[in-house]
Amino acid sequence: MHTLSRTDARRLAVRAQLLDAHRPTGMFEVVRQLTLVQNDPTAAVAPSADLVLWGRLGFSYSPAQLRDALDEQTLLELHGFIRPPEDLALYRAEMADWPGRPPLREWQEDLHDWVAANNGCRLDILARLRADGPLTARELPDTCVVPWRSSGWTNNRNVTKLIDLLVQRGEVAAAGRRGADRLWDLAERIYPDEVVPHEAAMRIRNERRLRALGIARERAPVCPGEPNDVGTAGAPAVVEGVKGRWRVDPELLDQTFTGRTALLSPLDRLVFDRTRIAELFEYDYQLEMYKPAAKRRWGYWAMPILYGDRLVGKLDATADRKAGLLHVHAIHQDAPFNRTMTAAVRREIEDLAEWLRLTVAPAGAR
């Protein structure tokens with residue numbers, strides 16, 4: 001059982017996420033260590049995946065590198081997360097078990113029944129991809145006999161929903177983009193042939209996740225996308241002043257730490273688990289893009305500010321590409337910055353603007 005201070009725990013998390021002073025050497029190294037980068041298109045400042053990679057690599061990273069890697073399938077996308085191709089072998093057994101292992105829940109039964117009812121459309125989509133893929137969703141036939149119904153925006157979007165389920169089944173895979181449209185192709189053309197058995201795959205995924213996080217809960221509430229817990233991977237630990245037990249990656253313990261300043265995407269893995277950052281970093285944060293403007297405390301796409309091993313504030317900024325300006329609406333300080341912190345944050349903002357090929361807008365500019 002390892003006993004850590006909050007400072008120890010924070011430094012473990014920052015090092016694991018490649019956000020200390022020792023920068024990685026390239027994009028593929030970053031993606032393999034992080035295991036995933038969320039591919040969200042929101043670009044108030046820049047797309048999240050680009051911000052994540054910029055935050056680790058700095059000026060050596062160009063967004064064209066990521067676009068090329070996805071088009072050439074040297075990196076792959078699964079369920080909105082960019083991953084190393086070799087990791088897809090860890091998901092193939094789970095795909096083969098879709099919609100899950102018995103006993104199935106009612107919603108799983110409903111999904112199974114909907115796909116079965118539209119098996120003709122499924123076969124039409126697979127045949128079209130086999131003949132002409134990769135293709136966009138709008139180029140695929142909608143021959144569903146039972147429309148998709150929901151209480152939200154997916155109502156009657158038959159092809160979009162069926163593609164999503166065929167991805168879950170391991171029959172269809174993302175294959176890059178054509179302009180703004182995602183391309184789809186047969187998974188057998190994209191995924192590795194290897195299939196890691198289910199139990200072994202879950203164990204390895206937990207180990208990979210812990211290596212990327214540095215420190216995580218053994219169990220955590222279910223969340224959309226990637227889990228926040230790691231099962232029994234690594235070694236048990238307690239954090240002074242924080243209730244409950246944690247798991248740590250022992251290989252990251254007892255390493256020297258030198259921090260730096262970084263501006264993070266709201267979807268960055270360091271801050272994505274809001275409970276963990278509250279417990280370890282004592283940092284209050286929510287992504288407010290879905291809130292009415294009047295109810296936002298920090299801004300539409302407020303970027304967490306990392307200074308050393310602490311999250312010290314939020315940057316509310318917007319990129320105006322037509323005007324060539326990066327507008328800094330506010331720098332919210334969780335505690336007053338000293339001169340050194342202020343200068344470091346300002347330098348990082350200027351570097352971000354330069355990387356975006358923008359100029360930091362003068363105060364009061366619109």
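In which sense do β1 and β8 pair, and over how many bridges? They pair in the parallel sense, over three bridges, where two strands count as paired if DSSP finds at least two bridges between them. Before going on, a word on what you're looking at: this is a predicted model, in which local features need pLDDT of at least 70 and side-chain atom pairs count only at pLDDT 80 or more, while totals for chains, interfaces and linings use all residues. Residues are numbered from 1 along each chain as its sequence is written, and side-chain values use heavy atoms, with hydrogens and water left out.

Helices (H or I, at least four residues) and strands (E, at least two) are DSSP runs, numbered from the N terminus. With that in hand, look at the sheet that holds β1 and β8. It is an open sheet of four strands in the order β1-β8-β9-β7, and the pairing is mixed. The edges are β1 (2–4) and β7 (215–217), each with a single partner strand, so one side of each has no neighbour in the sheet. On average, neighbouring strands here are turned by 40° against each other, direction ignored; axes are lines fitted to C-alpha atoms, for helices over the stretch in contact, and angles run from 0 to 180 degrees between N-to-C directions.

Now walk across the pairings. L4 sits opposite V239 in β8. Next, β8 and β9 pair in the antiparallel sense over three bridges, with A237 opposite W246 in β9. The hairpin of these two strands has six residues between them, and G241 takes a positive phi near 85° there. Then β7 pairs with β9 (residues 246–248), again antiparallel and over three bridges, and A216 stands opposite R247. As for the faces of β8, A235, A237 and V239 make up the covered one, while P236 and V238 are on the uncovered one.

What lies across this sheet? Helix α1 (residues 6–16) lies across β1, β7, β8 (235–239) and β9, running at about 100° to β1. α9 packs on the sheet too, touching β7 and β9 (contact means heavy atoms within 4.5 Å), and its direction makes about 125° with that of β7.

There's another open sheet, of three strands in the order β2-β4-β3, with antiparallel pairing. β2 and β3 (76–78) are its edges, each with a single partner strand, so one side of each is left without a neighbour in the sheet. β2 pairs with β4 (residues 81–83) over two bridges, and F81 is the bridge partner of Q38.

A cavity is a set of points on a 1 Å grid over the protein atoms alone where a 1.4 Å probe fits but cannot get out, and lining residues have an atom within 4 Å of a point. Grid points are joined across faces, edges and corners, and a volume is the space filled by probe spheres set on the points. Of its 13 lining residues, the closest to the centre are L36, Q38, L267, D268 and R269. The largest share of the lining, three residues, comes from α3.

The second largest cavity holds about 60 Å³ of space. Its lining includes T35, R83 and E226, and helix α9 (residues 198–213) gives the largest share, three residues.

How values were computed: 1 Å grid on protein atoms, 1.4 Å probe; cavity = no way out; pocket = protein on both sides within 12 Å on 5 of 7 lines; lining within 4 Å. Buried < 20%, exposed > 50% of the residue type's maximum accessible area, 1.4 Å probe, protein only.
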